[in-house]
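Student: I would like a close look at one part of this model, with the cut-offs stated as you go.

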Amino acid sequence: MSIQVSNYSTPKHGHQANENQDASKPRFHPRHGTKTLNYKNTEIPEAGFIFAVSDGASEGLFSGIWARIIASCANPRSGYNKRLNAEVLQEWIRKSLDVWGRFMRKRMLSRMKLGVPLTKLPSWLEEPALEEGGFATLTALQIKPKGDWSAVAVGDSCIFQVRSKKLQFSFPITDLIDFENRPYLLSSVYGIDEETQIQLKFSPRLKKSNRWKSGDRFYIMSDAMACCFLKRYKMGEKPWIEIENLGTKGPASHFEELVARWRNEFGMRNDDVTLIRIAVK
Amino acid sequence: MSYTAEISRTSPTALVFVIDQSGSMADQIPSSDPPQRKCDAVADIVNNFLRNLSMKCVKEEEVRDYFHIGVIGYGQKVEMAWSGGFLNRELIPISEMASSPAKIEARIQKLPDGAGGFIEQSIKFPVWFEPVASGGTPMTSAIKMAHRLADQWIKENPACFPPIVIHITDGESTDSTDGDEANRMVGEAMENLKSISSTDGNVLLFNIHLSSSRNARPISFPSNSTALPDDYARMLFEGSSELTGDMKFVAKNEHGLSVSEGSKCFVLEADIILLIQCLDVGTKRANLR
């Protein structure tokens, strides 16, 4: 088995790279641009790899940082051979809340030392904003050896599995209308609430047909691109062909050009856009 | 007319309140417990709405100027109703508004305790707009003032999500001693206001009529005027915009309110809860980016 994974991300039109509130695992560094990692058989642990996209909400305090924390905490558990499930997700959330707490404490101390407020917010607003915290989606894919994979999603970032020029699987959204609903989100203050807990999506138990096969592609995307991808697919197009033509390194990946074209020609919503392209053999 | 333009720092929109401050707003709200004057309730609700909207505009660690806000009061006079440092200012970027409330009061907020009861929590409550109740009801002039603000805004922001104007009143216009003529004048001013448009759609005008009677039955977002009791209610109905698709979605799915094809941004005999729901319907699914 071998895995090749490339990551791409660009902020909404008119924004700076440091305003991008999407995050991914593997992490995208705007300074370095697209990076491609290659894993050969011997380097792939039994628990496999986790790839994830987290989309920081347009509202909320430090939602972009919260998205980065969640994506970074989505790790496989060694010696744990089950599929991704609520227990694993809870563990990621617990870890993320710890990291968030450390981030806030560190920030508080450093700002106190400098004698400046914790945020740029008016004083009356800082307290309720801190109580609300940040919000983000999370869609994670675990790929393991021997055709095994599983996925979990909170919100509307999506995974598409493509095989031999055909869309094999779409998760968690299969119907375009579902992009119109407000996505469920993970909170940096309480993690996951009861309502979101009910709306957690797990990929179904694998049938023979959707176990991964050599040559399969998985794409994980934040919502604007996922919506456009699905819309074009439903119109009979094969949007993954353009994704396959993207380069593997730095600015030469031409991801910004692809995003600009999808926005102009296919009505893709102006939002931060993140893509992870995974090829398995 | 799509109402799909994004609302962002580079493409903000205007939100204008037009608030009845006539003498009748000193009357008590029917069934309010503890007793509360209409003007006090409206001031609390609008200030609380602006507090929540400021929070909604928090991105990373700052308030972003997705909205520019105006509050027009009409009663003894027709003028911008800002208190404190914004006296005589018209539309104010929300970050500037959030930074400088006229005062900050300590209020007690009741929150569910998770066991069926409530706990009391002290919160900082910013006040930008004070309750006032005196004079007549010069509704036409107030709507014309909103027209001027919206028109100027659209000239400066021709591709914006159209300005949202929220008119809250408890009584009929006193622009003329002849009731029919007063209705005609207000109706015409509302039609003129709704006729201005950005490339994304016409100005959205909400008319929220507050109840004065304990036994009144509210009518929310009607699609026709058949159930309306009089010419005044029909004038407000005709003067209101149609709910956009997003507004219908919030009304139906988040507040369980009945909406249909052609439902208007209009409620008659609203109680406090319905007033709060209307403000939510008007702004909740704003396409913030």
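Student: Which does Cys265(B) count as, buried or exposed, and at what relative accessibility?

Tutor: This is a predicted model, in which local features need pLDDT of at least 70 and side-chain atom pairs count only at pLDDT 80 or more, while totals for chains, interfaces and linings use all residues. Residues are numbered from 1 along each chain as its sequence is written, chains are lettered from A and ligands numbered from 1 in the order in which they are written, and side-chain values use heavy atoms, with hydrogens and water left out.

Cys265(B) counts as buried, at 1% relative accessibility; buried means under 20% relative accessible area, exposed over 50%, and partly exposed in between (1.4 Å probe, protein chains only). The closest cysteine sulfur to that of Cys265(B) belongs to Cys278(B) and is 9.0 Å away, too far for a bond. A disulfide is taken as a pair of cysteine sulfur atoms within 2.5 Å, and by this rule there are zero disulfides over all chains. In chain A, Cys158(A) is likewise in no disulfide, with the sulfur of Cys227(A) the nearest at 8.7 Å. Cys158(A) is buried, with a relative accessible area of 0%.

Elsewhere in chain B, Phe161(B) is also buried, at 9%. Phe161(B) sits in the loop between H3 and strand S9 (164-169); helices (H or I, at least four residues) and strands (E, at least two) are DSSP runs numbered from the N terminus. Leaving out residues up to four places away in sequence, Phe161(B) touches Tyr3(B), Ala5(B), Ile7(B), Thr13(B), Asp200(B) and Leu204(B), where contact means heavy atoms within 4.5 Å. The C-alpha atoms of Phe161(B) and Glu6(B) are 6.7 Å apart, although 155 residues separate them in sequence.

Helix H1 (residues 38-56) of chain B gives a further example of burial: 15 of its 19 residues are buried, so H1(B) is largely enclosed by the rest of the structure. From first C-alpha to last, H1(B) reaches 26 Å, close to the expected 27 Å, the expected span being 1.5 Å times one less than the number of residues.

Asp180(B) belongs to helix H4 (residues 179-195) of chain B. Its C-alpha is 8.0 Å from that of Asp231(B), 51 residues apart along the chain.
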